Amino acid sequence: MERGDQKSGQGAFAVMDAMRCVLAVAVAFAHAWYLLIEDYCGQASVAASAGYFLAGYAHASVILFFVLSGFWIARSIDRRIGDWHWSSYLIDRLARLLVVLVPALVIGGALDAVGLYALESSTHLGTIETYVLRKDVVGALEWHVLLGNILFLQGIVVAPFGTNGPLWSLAYEFWFYIWFPAIVVSWRQRRPSIFLIFIGLAWITPFMLIGFACWLCGAALHGMTKTHLTDFPRSPIGRTWLIIASSILPAILIVVRVVGLEGLELALAGAFALFLYIYILLRANPPTPRWLRPFAGYGAKASFSLYAMHFPIMAFAAALLVGSERLPPTAGNIALVGATLALAVFACGLFATLTERTPNGTPRGYAPSSTPSC
């Protein structure tokens, strides 16, 4: 995602960047947990039960990511729509994504090859029976799969490359980046854009339409925030909506964890957009607590790298830590999950300094005034 000027709403933007960090870490934690820890068998300690519960939020976190993505991309498109050029837009998008994706595929593929052929790990051979890695890793390392991932067709036409299953949502997001401006440009110019043809990808993978609807919740959020209602949060009806928004989101998060997310994706996305609108974006530039700033910084500068790189790193760690069966949820093994997560967060943060940021600290692929959020 692309984030615009920070002269207004700086505090809100920082909170949203911190949310990006939290959501990325939540996804990574879930994958570390299910790669290392055995499935729930009915009895567990309080700490283990909490781990199992939190690990179930991986897919919900991706849906919330879609909302944030829709907000920032809609904001970016809105700022350039008056002088729209597909060439400059696509160069910006591809530069932002490929500068991270290509080296992530190369490094991840190398780690997978070592785990598969040198270590012959149960993780890479698919014998540990974890739902986060049920695939033919050998077949997923072939050249046509690599090419399909570079073309953002993973999870649509080809499998995600190697062990890196989470890359499916990156492909979805890329095509949402095409679909949305194609619709907007077609509407404004009163003639269909040639890029509308790519909506046909949903014929192959219908779930893309559900994801796009969730993404559009973020785009709608941007549209709503163009009307400045600074007194709204302090009015009686504003305070009422604040209470409602603060209650609906956690309630739906609990519901989707208990009954499952299927069929509730749009409800979750809508509740999150409402929460952002009422609780953050309509507040008069909410202050950013000092303790929140490191999370916001990581969310803005490295969460995309964490998303793109964490799984091969964790699968390689699992190859070293797990034998023929995953580990029981003892205190020591839960600590291993934490150490694996910390390793991925650190390694991906380092990776981000080499890919997402230029030597002078500005984002690659953008003007110096912009801040990346993907």
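Which residues form a nonpolar patch on the surface? In this predicted model, the patch consists of Val114, Leu119, Leu320 and Leu321, which together have about 320 Å² of accessible area. One of these residues, Leu321, is placed in helix H14, a helix covering residues 303–321. Leu321 counts as partly exposed, because its relative accessibility is 36%.

**Helix packing**

Two packed helices are described by the angle between their axes and by the distance between those axes. Helix H4 (residues 86–118) packs with helix H7 (residues 143–150) at an angle of about 165 degrees. The axes of H4 and H7 are 10 Å apart. Angles over 145 degrees count as roughly antiparallel, and H4 and H7 are therefore roughly antiparallel to each other. The crossing in which H4 passes H7 is right-handed.

**Salt bridges**

Side chains of opposite charge can pair when their charged atoms come close. With a cut-off of 4 Å between a side-chain nitrogen of Lys or Arg and a carboxyl oxygen of Asp or Glu, the count comes to 4 salt bridges. Among them are the pairs in the following table.

| Pair | Closest N and O atoms |
|---|---|
| Arg20 and Asp17 | 3.9 Å |
| Asp39 and Arg326 | 3.1 Å |

Arg20 and Asp17 both belong to helix H1 (residues 10–36), where they are 3 residues apart, about one turn of the helix. Arg20 is buried, with a relative accessibility of 0%, and Asp17 is likewise buried, with a relative accessible area of 1%.

Asp39 forms a salt bridge with Arg326. Asp39 lies in the loop between H1 and helix H2 (46–55), and Arg326 in the loop between H14 and helix H15 (331–355), so this pair ties together parts that are 287 residues apart in sequence.

Arg96 is found in helix H4 and Glu356 in the loop between H15 and strand S2 (371–372), so the pair ties together parts that are 260 residues apart in sequence. Arg96 counts as buried at 2% relative accessibility, and Glu356 is buried with a relative accessible area of 2%.

Conventions
Residues numbered from 1 in each chain as written. Predicted model: local features only at pLDDT ≥ 70, side-chain atom pairs only at ≥ 80, totals over all residues. Heavy atoms only, no water. Patch = residues over 30% accessible without salt bridge, like charges linked within 9 Å, V, L, I, M, F, W, Y side chains within 5 Å. Areas by Shrake-Rupley, 256 points an atom, 1.4 Å probe, with all protein chains shown as cover. Helix = DSSP H or I, 4+ residues; strand = E, 2+ residues; numbered from the N terminus. Buried < 20%, exposed > 50% of the residue type's maximum accessible area, 1.4 Å probe, protein only. Axes fitted to C-alpha atoms, helices over the stretch in contact; angles between N-to-C directions. Parallel < 35°, antiparallel > 145°, perpendicular 65-115°, else oblique. Left-handed = near helix turned anticlockwise from the far one by under 90°.
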